[in-house]
Amino acid sequence: MTSVADQLDKVLEKTARLIELCNALQEENDLLKLENQSLKVAVDTSKAKTVDLEEKLRVTKLAKSIEGTSEKSLDIKQKINDFVREIDKSIALLKK
């Protein structure tokens with residue numbers, strides 16, 4: 001039968017291993033938190049870039065729709081004026 005001292009030594013060894021394991025897991029957790037934060041920043045940057053590109057695409061499509069028509073310059077000016085009025089109405093609605 002093992003003595004009390006031997007049992008105590010085993011308990012101390014296992015406790016030391018558990019403390020080491022806990023410290024290692026804490027370090028890994030900290031690293032994962034940093035990685036998570038950097039990935040969140042990357043996602044936010046990508047979302048902002050996507051919004052910017054979608055806006056550029058919309059403007060490009062609008063420009064091509066105006067450019068692609070064979071209408072006279074007066075008709076094009078009328079379309080632009082209609083767009084400006086629509087934008088003004090949208091702004092007025094947003095202010096309410």
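This note goes through the predicted model point by point, from overall form to single residues.

1. Basis. The model is predicted; local features need pLDDT of at least 70, side-chain atom pairs count only at pLDDT 80 or more, and totals for chains, interfaces and linings use all residues. Residues are numbered from 1 along each chain as its sequence is written, and side-chain values use heavy atoms, with hydrogens and water left out.

2. Secondary structure. The chain has two helices and zero strands. Helices (H or I, at least four residues) and strands (E, at least two) are DSSP runs, numbered from the N terminus. Helix α1 covers residues 4–68, and helix α2 covers residues 73–95.

3. Overall dimensions. The radius of gyration of the chain is 33 Å, whereas a compact globule of 96 residues would have one near 12 Å. This radius is taken over C-alpha atoms, and the globule rule is 2.2 Å times the number of residues to the power 0.38. Along the principal axes, the C-alpha atoms fill a box of roughly 105 × 35 × 15 Å.

4. Burial and surface. Of the 96 residues in the chain, 1% are buried. Buried means under 20% relative accessible area, exposed means over 50%, and partly exposed lies in between (1.4 Å probe, protein chains only). The chain exposes about 9000 Å², and carbon and sulfur atoms supply 62% of that area. Accessible areas come from the Shrake-Rupley method with a 1.4 Å probe; for residues, only the protein chains shown count as cover.

5. The annotated region. An unreviewed UniProt entry gives residues 8–42 the annotation "coiled-coil region". UniProt positions are given in the numbering used here, feature names are shortened, and annotations may be inferred rather than shown by experiment. In the model, residues 8–42 are 100% helix and 0% strand, with the end C-alpha atoms 51 Å apart.

6. T2 is in the segment before α1. T2 counts as partly exposed because its relative accessibility is 41%. From T2 to L39 there are 37 residues in sequence and 53 Å in space, C-alpha to C-alpha.

7. A nonpolar patch. L8, V11 and L12 form a nonpolar surface patch, with about 280 Å² of accessible area together. Patches are made of residues with over 30% relative accessible area and no salt bridge; like charges are joined within 9 Å, and nonpolar side chains (Val, Leu, Ile, Met, Phe, Trp, Tyr) within 5 Å. V11 lies in helix α1 and, with a relative accessible area of 47%, is partly exposed.

8. The structure holds three salt bridges. A salt bridge is a side-chain nitrogen of Lys or Arg within 4 Å of a carboxyl oxygen of Asp or Glu. Side chains of opposite charge can pair when their charged atoms come close. One of the bridges joins K56 to D52, with the closest N and O atoms 3.6 Å apart. Both residues lie in helix α1, four residues apart, about one turn of the helix. Another joins R58 to E55, at 2.8 Å between the closest N and O atoms. R58 and E55 are three residues apart in helix α1, again about one turn. R58 is partly exposed at 48%, and E55 is partly exposed at 39%.

9. R85 forms a salt bridge with D82, and their closest N and O atoms are 2.6 Å apart. Both residues lie in helix α2, three residues apart. R85 is partly exposed at 43% relative accessibility, and D82 is partly exposed at 36%.
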